[in-house]
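Let's look at how the parts of a protein chain hold on to each other. Have the picture open while you read.

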Amino acid sequence: MKKLLLTLAAALLLGAGAQAQIKNPMLWADVPDPDVIRVGDTFYLVSTTMHLMPGGPIMASKDLKNWETVGYIFDKLTDSPKYDLQEGTVYGRGQWATSLKYHDGKFWALLAPNEPGSMGDTYIFTAEKAEGPWTIHSRLRHFHDATLFFDEDGTPYVFFGTGEMCQLTRDLKGVVEGSLRHYFQREADERGLLEGTRVIKHNGTYYALLISHVYAPGRHRREVCYRTKDLNGTWEKNTVLESDFGGFSYLAQGTIVDTPEGDWYGVMFQDRGGVGRVLTLSPVRWIDGWPQLGDENGKVPETMRPYRSGMPEKGIVCSDDFSGEKLGLHWEWNHNPIDNAWSLKERPGFLRLKTNRVVENLYLAPNTLTQRMEGPTCSGYIAMDISKMKDGDCAGLAAFNGDSGVLTIKKQGKKSVLEMSEQKVSLTDREKAVTNVEVKVIETVDLSAAFKSQTSKSKSQIIYLRLDGDFQPGHHDVANFYYSLDGENWTKIGTENYRMIFDYRRFFMGTKFGIFNYATKKTGGYVDVDAFVYSKSEK
């Protein structure tokens with residue numbers, strides 16, 4: 001039955017994505033701060049995942065339409081116990097705006113956690129293959145939203161912040177003394193940061209692309225470009241994209257990438273509310289030596305032809321029957337996982353999540369497993385065996401974010417209760433410590449009687465929990481919640497059209513599917529997740 005359900009979900013995904021055109025957003029999911037490079041016939045994309053682990057996801061595509069996650073730059077960050085949900089958290093912090101390069105037969109990645117002090121020191125990683133394994137090459141001072149750049153003679157540079165740059169030593173383990181300087185000054189109406197720098201060299205000219213926040217009347221968020229033929233000379237400036245798209249506000253921040261044939265594409269992200277920051281694809285036209293993004297009107301097009309045709313359908317959000325020896329690359333943990341508290345081997349074909357630390361709430365729970373949600377609409381459900389939960393345990397499925405819609409199975413003595421609640425976390429500004437979680441229980445169902453009839457046939461207690469997301473323009477980014485005892489007949493529960501939001505002050509990311517199990521009284525219980533079944537549709 002599980003295999004059949006997953007096959008049907010895959011068929012739905014194929015039907016949704018089988019059209020020949022790329023329909024913008026190219027990736028209608030939370031994939032912010034992109035850097036894209038091409039090595040041979042393959043495009044590689046890296047994005048920000050902040051407090052999720054493993055981090056620094058590397059996605060690959062042959063056609064700029066079908067992307068899959070092929071690896072991560074690191075499994076964990078260990079500079080502070082906050083990465084382990086101890087002495088605070090790293091919600092909205094962690095890995096930011098990674099730069100990806102290929103030089104001298106190796107892949108290189110530069111990232112700086114958005115943290116104060118030594119936690120924010122820049123990492124430089126390297127790998128023989130984009131899929132990894134990646135190793136730490138060096139640690140340097142903090143560089144905000146930086147890009148690594150190798151000149152044609154191999155000289156390495158870092159461009160960062162608002163118009164700052166410096167030269168690195170040839171071994172990429174230090175900064176060349178006296179090389180730090182500003183290569184431009186922002187305009188008077190650019191009162192926000194110019195950030196998200198990406199640098200390329202084309203036909204002997206250096207190009208630095210940055211997002212510009214402008215507050216003057218009639219001006220908008222935009223992508224600007226600075227260029228020069230001499231890194232120590234004067235840089236010229238031009239606006240290369242100023243476009244709203246799809247009923248949402250103006251977009252920017254990303255990069256441009258070429259094909260082997262010499263065509264160019266632009267990849268920029270757009271804030272889209274509850275789903276997060278999504279990626280768009282645009283043609284690039286070189287006009288008077290400037291890379292102008294967009295169609296003939298300078299706007300992000302609704303559709304694009306894939307770079308290549310006939311490529312197999314792939315996605316970055318996937319169903320899973322948990323039958324593999326390793327956890328699929330489409331999954332990420334909320335903060336560093338506790339490795340001995342989950343297993344794919346103890347009950348083959350199931351993901352076992354074991355309680356391992358007594359905590360007060362979902363936001364401090366270790367080993368919450370997440371995947372992105374996608375637009376325009378998506379649906380995901382789990383089949384969970386809860387027969388080994390202990391008194392005080394809480395397990396379930398959440399639309400997980402700073403504001404979360406949550407389906408929770410609570411073990412209360414020998415009784416099992418299902419709650420749908422709305423939960424809202426408060427965090428301190430500095431430590432991101434959890435100070436309060438406001439929980440509003442919307443609906444409660446006593447499952448004990450139903451499980452009594454079910455356990456007459458089996459020792460297991462299986463419940464199905466489902467979450468549907470709708471991110472269509474004008475639909476207000478809503479989620480609806482369901483449960484079932486057989487996986488076929490679903491009962492709606494809790495808030496009708498729960499509003500998912502994007503809040504840069506806390507999580508700073510789109511809403512995720514979150515599978516969780518935590519203890520509030522004593523450890524030792526566990527749940528077994530039989531499958532996660534996912535589908536998306538255009539509607």
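Before we start, a word on exposure: a residue is buried under 20% relative accessible area, exposed over 50%, and partly exposed in between (1.4 Å probe, protein chains only). This is a predicted model, where local features need pLDDT of at least 70 and side-chain atom pairs count only at pLDDT 80 or more, while totals for chains, interfaces and linings use all residues. Residues are numbered from 1 along each chain as its sequence is written, and side-chain values use heavy atoms, with hydrogens and water left out.

Q: Is D258 buried, partly exposed or exposed?
A: The relative accessibility of D258 is 23%. Buried means under 20% and exposed means over 50%. So D258 counts as partly exposed.

Q: Which residue meets D258 in a salt bridge?
A: A salt bridge here is a side-chain nitrogen of Lys or Arg within 4 Å of a carboxyl oxygen of Asp or Glu. The N to O distance in this pair is 3.3 Å. The partner of D258 is R38.

Q: How many residues apart in sequence are the parts that D41 and K62 tie together?
A: These two form a salt bridge, with their closest N and O atoms 2.9 Å apart. D41 lies in the loop between strand 2 and strand 3 (42-46), and K62 in the loop between strand 5 and strand 6 (68-74). Strands are DSSP runs (E, at least two residues), numbered from the N terminus. So the pair ties together parts separated by 21 residues.

Q: Are E190 and R222 buried or exposed?
A: Their side chains meet in a salt bridge at 3.1 Å, N to O. E190 has a relative accessibility of 1%, and R222 has 3%. So E190 counts as buried, and R222 also counts as buried.

Q: How much area do domain 1 and domain 2 bury between them?
A: The bounds, 32-304 for domain 1 and 332-537 for domain 2, come from an automatic or database domain assignment. Buried area is the accessible area (1.4 Å probe) that two parts lose on being put together, summed over both. Of this area, 54% is on carbon and sulfur atoms. The total is about 3000 Å².

Q: How many residues of domain 2 are in contact with domain 1?
A: Contact means heavy atoms within 4.5 Å. Domain 1 brings 34 residues to these contacts. For domain 2, the number is 38.

Technical notes
Helices (H or I, at least four residues) and strands (E, at least two) are DSSP runs, numbered from the N terminus.
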